[in-house]
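Open the model in your viewer and keep the selection panel at hand. The tour goes from one selection to the next.

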Amino acid sequence: MDRRVEQPYAWYFRDFPALTITPAGQAPGMNADIVIAPDDTGMVDAGYSVTPYNTENRVPGAYTDPNIGDILAGIFVPSNWQDSLDYLLYRELQTPAAPAPVQVGLITDLSAQITPASGPYALLERVGPGSADGQFDGPRGIAVADDASVYVVDSNNARVERFDPEGDFVASWDGSSGAVALTISSQGLGPTGIAIGEDGLIYVADTWGHRIVALDSSGAVIRTWGTYADNTDAPTAEMNPGSFFGPRGVAVTEDEVFVVDTGNERVEVFGKDGAFKRAFGGKGSAPSQLSEPVGIAIGPDGNVYVADSGNARISVFSQSGEPIAQWPVVAWSGRSYYEPYLAFGDDGLLYATSSATGSVEVIGKDGQLLGSITTSGTQALKKPVGIALETDGTLLVSDIGSSAVYRIEPLQVENAEAVAIGAVAASPEPTSASNLLPPVSSPVASPASSPIATPQP
C-alpha cells in the first residue's frame, strides 16, 4: 500500500499482518499480490491487472471549517431542520465529498478469480490460468513454425493451441474440439514437449498416453506411435525399444525424430514414419547415461544436447548416441521439479530454462555460462519451462508459474561468434584462454528423485 492512501485503508486492513506501507510510488515494485495506490504508475509494467475505484473517504471542505452562522441556522431556522435531521440520522450531506480515485492492482491469478476469463486471448496476454481460447493452464512445450505461427502445449488442459504470427489466437486442438485427444493423468498431468519438422508436421509428446502424436497444421492426426513400458531404472537403453514411460522433449532433424523418454532415462530415435531406429542413455551419471532427462535440442554442430536434469548438467551426444561432453549447470544443482527445456539461437548460443531459479541460462561453447535472463521487460519470470525462438531471433518462454507466455530479447553477448556452439569462423579478435571455460567432467547425480521421473502410469 502506497503511504499516500494509508489513511483510511490501513485501518480496513488492520488485521492483515502481511500489509506493507511503502514510500510514494514504490508499491508496484514490492512483488506483492495486491497493490493499492492513488495512481496506476508502474502497475501494468509490473504485471498487475489494474482496476480504479472512486471512493468518498474524506470530509468535504465545507465541514472542516464550518461557519457558526450556518450551524445556528440549522438549529433555529425551521426550514433547515430537515437537513439537520438527515445529517444526524443518515449522515446525508448538503455538500457531498468529491470522489477520490484509488487504483487496485492484482496479480494475474487473483484477477482471473475475480473476473473469470472468456477469451479468445492473444499469445502474450497475461490473464492467469484457465481454459478459455488462448488462455493457458501450466503451459509447457512451445514451438515456432517456418511461417512464424506459434504452437503451445497447454498441458493442464490437454491441448495444443495455435497462434498466428501476430500472436492472435487461431485454434485449439483437443478431444472436445474434435481434433486430437491428448491424455490427462489421474494426477491432472498432461502433454509436454513439441517440435516442428521441416515437413511441417507438428510432433507432440503425449506424455501420459506414452506416445508421440504427429499433427498437420490443421490439427489432424497424421500418425502416432509408442506404447507403455517401464525399464525400472535400467543402466542401459536397450530394453523395450520404441516404448515410453513418459516422453517429454522432442527434436526433429531432416529425417529423424529424437524423443526424450524421461521415465526410462534415455533418448529414443525414430524415423519420420515412427519406426524405431536406436536408443541411448540409461539410468546413471556416467558420460553415456542420463538421469531424469527432459529437454532436447539439435545443435548447429549437429550434436544432440539433452537437459540431463537429475545430473544437473547438459549432456552432449553425437546423433548416433556417442557421449561427447557433459556440462554442469549451476542453476540446476541441488534442484528438483524444474523441467528444463533447451533451444538454440541463430547466434549459436544455447538457451536453457530453469524454473527453480526463475531464469533462462545462456550457454556458449564448452559449457561456458554467458549470463542469465530473469525478466521479460520489467516482469520477473516465475517458473519458465518451455522455450523456442521466433523467426527474428526473439525468445518465447512458457511460464507455468504465471500460466503465460513471455517474449524475451536474447542476451547481448560481446563477440558472440567466438563463443558460439559449432562456430566454424575464427573470432576477429584473439580471445584469451582465460575468458573461456575448459570442458568439465560430469557431476555425480543427485540422489533425490524428482516426480517427473517417477510418475504413475
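**Before you start.** This is a predicted model: local features need pLDDT of at least 70, side-chain atom pairs count only at pLDDT 80 or more, and totals for chains, interfaces and linings use all residues. Residues are numbered from 1 along each chain as its sequence is written, and side-chain values use heavy atoms, without hydrogens and water.

**Stop 1: the largest pocket.** Select V144, I196, V252, F344 and L389. Of the 48 residues lining the largest pocket, these lie nearest its centre. A pocket here is an open set of points on a 1 Å grid over the protein atoms alone, where a 1.4 Å probe fits, with protein on both sides within 12 Å along at least five of seven lines; lining residues have an atom within 4 Å of a point. The volume is about 1200 Å³, taken as the space filled by probe spheres set on the points, which are joined across faces, edges and corners.

Now colour the strands (DSSP runs of E, at least two residues, numbered from the N terminus). Strands 4 (139-144), 8 (194-196), 12 (247-252), 16 (293-298), 20 (342-344) and 26 (384-389) each give the lining at least two residues.

Next, colour the lining by type. It holds 24 nonpolar, 15 polar and nine charged residues. Charged covers Asp, Glu, Lys and Arg; nonpolar covers Ala, Val, Leu, Ile, Met, Phe, Trp, Tyr, Cys and Pro; the others, Gly among them, are polar.

**Stop 2: D147 and R162.** The whole structure has 14 salt bridges (a side-chain nitrogen of Lys or Arg within 4 Å of a carboxyl oxygen of Asp or Glu). One of them joins D147 and R162, at 3.9 Å from N to O. D147 sits in the loop between strand 4 and strand 5 (150-154), and R162 in strand 6 (residues 159-163), 15 residues apart. D147 is partly exposed at 46% relative accessible area, while R162 is buried at 18% (buried is under 20%, exposed over 50%, partly exposed in between; 1.4 Å probe, protein chains only).

**Stop 3: E256 and K277.** Their closest N and O atoms are 3.2 Å apart in a salt bridge. E256 is in strand 13 (residues 256-261) and K277 in strand 15 (residues 276-281), so the bridge ties together parts 21 residues apart in sequence. E256 is buried, at 8%; K277 is partly exposed, at 43%.

**Stop 4: R266 and D261.** Which distance separates the closest N and O atoms of R266 and D261? It is 3.1 Å, in a salt bridge. R266 is buried at 0%, and D261 is buried at 0%.

**Last stop.** Select D2, R4 and D39. Salt bridges with shared partners join them into one network.

Notes:
Helices (H or I, at least four residues) and strands (E, at least two) are DSSP runs, numbered from the N terminus.
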